[in-house]
Amino acid sequence: MSKANQTVLKVANYSVDFWVEGIWYPAAINMNFEVQAGKVLAIVGESGSGKSTTAMGLMDLLASNARIEGSVKVNGQEMVGAKKTLLRRTRGREVAYIFQEPMTALNPVYTIGFQIVETLRTHFDLSPNEAKVRAIELISMVEIPNPEASFDKYPHQLSGGQRQRAMIAQSLACDPGLLVADEPTTALDVTVQAEILDLIRNLRDKLNSAILLITHDMGVVADLADEILVMKDGNTVEHGTADQIFNHPQHPYTKELLGAVPKLGSVAVRQLQPELVGLPPVLKLDKVSIEYPKKGRVPAFRAVTDFSLEIYPGEIVGLVGESGSGKTTVGRASIGLLPAVEGRIEIVGRDITKPTAKELREIRKFTGIVFQDPGSSLNPRLPIGESIGEPLLLSGDAKGEELNRRVEDLLESVELPKTYRNRYPHELSGGQRQRVGIARALALTPSLLIADEPTSALDVSVQARFLDLLQELQDKLKFACLFISHDLAVVDILAHRIAVMQNGRLVEVGQRDQILKSPREDYTKRLISAVPVPNPAEQRIRREARLANK
Amino acid sequence: MSKMKPKSEVVLEKDENEIANRQTAGLSQRQIVIKRFISHKAAMASLFTLIGIVVTVFTATGIRVGFGSFGFTIPGWWQFSITDIDPYGAVAATCNGGVTGCPTLDLAPSFLDGDGVQIGDHPFGTDIIGTDYFALVARGAQQSLMVMVIVSFLGIVIGTIVGAIAGFFGGIVDAILMRLTDMFLVTPVIVIGAVIGFRFGNLGVIPLALMLGFFAWMGLARFVRTEFLTLREREFVDAARVAGASNRRIIFKHILPNAMGIIIVVGTLLMSSAILIETSLSYLGFGVRPPDVSLGLLISEYQGTFSISPWLFWWPGALIVAIALCVNFIGDGLRDAFDPRQRRHISAKDRKRAKEMKGMQS
């Protein structure tokens, strides 16, 4: 305990700039902060705010076109402008990193044991056997089941959560004074995220390390942070204790950021418009099973089993579940991108269980889909006007001048300037691209819209605007919508009804409030209790309740 | 320094993805590629050199149209043709030690060797019987360039179509097309070329090039297939399908433009290898036959005279190297231009300039 309250990291007048085509662009401007042993400092901000750059710059891990100025002291040692050998000794031993995506941060051709041993033997004089003993100790410390067997496993043999644990074990190998966690749980499901956060908290108590947490998720911050630093465009907007930031935010940006975070149960249930009640369903899935066919030696994989769901006109149904639960597969089958092997799929009364090319062309007029990743769902070589107009052109609805007019109307309806029709996707921001995705999906005024995680790639403030827009459009056009998401809070805002999926099966389906307030199934309960709430006090109560239930 | 001022003001108005926008503002993908290509110095120099070579060799001796005796020749600006024999040129006065036909081209100015800069009657010299060597080399280069264009055109068209179909449809179609590709791949090109050359070489260079083109597509087909395999999983392909696009539209309108980079790059590599294949075939005697000439044939014919008249060897050799090098550099420039991740590193000069700017601001 000699380390208690000792300042591990002290950053003063720290700036990072990037050289882009003749100009220095500031990514982090004049930052000052310190982290004490046993404390967690969270740097919060939206994408492009410079939070990751700040973290990487501390140990000079940035690309060659970066310039770092100011002072970074780790245990009193100056790191800016330090010799390469000193930096290398400090990295891993005194400052360790945990990255966002454990699949890419771990080397796929080596076992996790090998990678931990490698770190150990780089920094300490250990025999291979001693290193192995220590590595197994670390693996059991991060609570990976069966440490001896896991030592010889490759990253792909572990689940996402276990990979992140292995990553943490590796970073803890040298008992570092400072742990930098760059979005450590962003790629994980909520239940796994909750476990990893518990683990990080336990380790902090046990090892008394200082932790620098980089994240965009206010819930994660509320769960873990002692102190918070809010960044925007490279500037420090606000800096204070967790209590100050969450309960008495001073800066308007902090308030806006907190306001944009969707909270469970904060909005009233949306009512179905009365004239739409009692109409036949738009989409009817009846005991549907979907398989991915056998490929070479890989056997057929049944992604969805015995799934039944009906969606009525004007209704938004939220479909939630963890990754791999088959949500996206259901979405794709619902518009005929995948055939069903059993059961029956009907759209506006037409059977598309095993659709022919002709049937598919017919249902195109009634369906639209918004994809998850706005970066990959727009053709990079087509101007967005052409992408939006494609359904109109191919269905023969509009041509020439008429087509141009319709495209401009669509752009206007998603609040983008008309002049954007000649722009290319790479010139737009993520939120703008997702609007283009909606405009394209709504081009033919479909009766059914499938939205496949449309907000998962967006920042919270952009997400809030996007959700508003979607609601407005839905009120106006009255389409039915299957909204697929892993984020219960988002579904909570939009949906009339919620369906919960696990391992390809429907767990339960019901009215929004019934699912969120009085879930019947254990799985639903667990899912709801694992969602971190952006409020430190409330989150502590929820966490304790969850751990007590275990 | 006054030029820097407005730029630093821009920095203040920062928006969400300004850094990305700065490089791409208002530009289509194609314009970005062209801009990047133009800034690639070696590629631009090669492009102009290649254009220079092409224009010179095709206008110099005229172009022969048609086959064998059924053709006619559009006359060129050079005074000799490959059939003119100049008995005086064969004993040029500048030659040392009684050697005949050496080059009259002299680039050294008069204060160095006294003769002054001149082109003379036979800048590249003459061959043993007195044919003007510039005319021969120009004609040979024409043939080689023609082979290059035809072979690479056929290779690109066939390779792209085979690769696109195999990659897009997958399954049994892919398996059949790829095994076919394997069959073509396992046969050594030089053996195929020798057989083709033996059979079609006497018909002239164009039929030879056409036949070679049918055996030049396999590499590209492989590349295009791989590219299609990745691209067809992208969400914009699903989006197009949901919009009602047919397979043909998806392949040609949506995927192919995105695979253009790899096609152009492999295509240029194919061009330079086509030139080398024609050269090696002609050198071995399976390609172009006399009285017509090609660069490879010239080298093969005069290899015995290397010790006495080395220029007969130099000129065609230098031209082959120059053309192949230019095409490779252009391909290199195109690859850099098409790769969006390609970022030039910050140079020492830039760093220095940036430091000056910083000092100015504070």
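At what angle do helix 4 (residues 41-60) of chain B and helix 14 (residues 311-338) of chain B pack, and how far apart are their axes? I began my notebook with this question, keeping in mind that the model is predicted.

**Entry one: chain B**

I looked up the pair and found that helix 4 of chain B and helix 14 of chain B pack at an angle of about 140 degrees, with 8 Å between their axes. Since angles over 145 degrees count as roughly antiparallel and 65 to 115 as roughly perpendicular, I wrote down that helix 4 of chain B is therefore oblique to helix 14 of chain B. I also noted that the crossing of helix 4 of chain B past helix 14 of chain B is left-handed. From helix 4 of chain B the contact takes B:A42, B:A43, B:S46, B:L47, B:T49, B:L50 and B:I53, while the residues from helix 14 of chain B include B:A322, B:I323, B:C326 and B:D332. Sorting this contact by class, I have eleven nonpolar, three polar and one charged residues.

**Entry two: chain A**

I then turned to helix 14 (residues 384-394) of chain A and helix 15 (residues 400-413) of chain A, whose axes lie 9 Å apart and whose packing angle is about 120 degrees. This angle makes helix 14 of chain A oblique to helix 15 of chain A. Here I recorded a right-handed crossing of helix 14 of chain A past helix 15 of chain A.

By class, I noted six nonpolar, two polar and one charged residues in the contact of helix 14 of chain A with helix 15 of chain A.

Definitions and conventions. Residues numbered from 1 in each chain as written. Chains lettered and ligands numbered in written order. Predicted model: local features only at pLDDT ≥ 70, side-chain atom pairs only at ≥ 80, totals over all residues. Axes fitted to C-alpha atoms, helices over the stretch in contact; angles between N-to-C directions. Helix = DSSP H or I, 4+ residues; strand = E, 2+ residues; numbered from the N terminus. Parallel < 35°, antiparallel > 145°, perpendicular 65-115°, else oblique. Left-handed = near helix turned anticlockwise from the far one by under 90°. Nonpolar A, V, L, I, M, F, W, Y, C, P; charged D, E, K, R; others polar. Contact = placed C-beta atoms within 7 Å.
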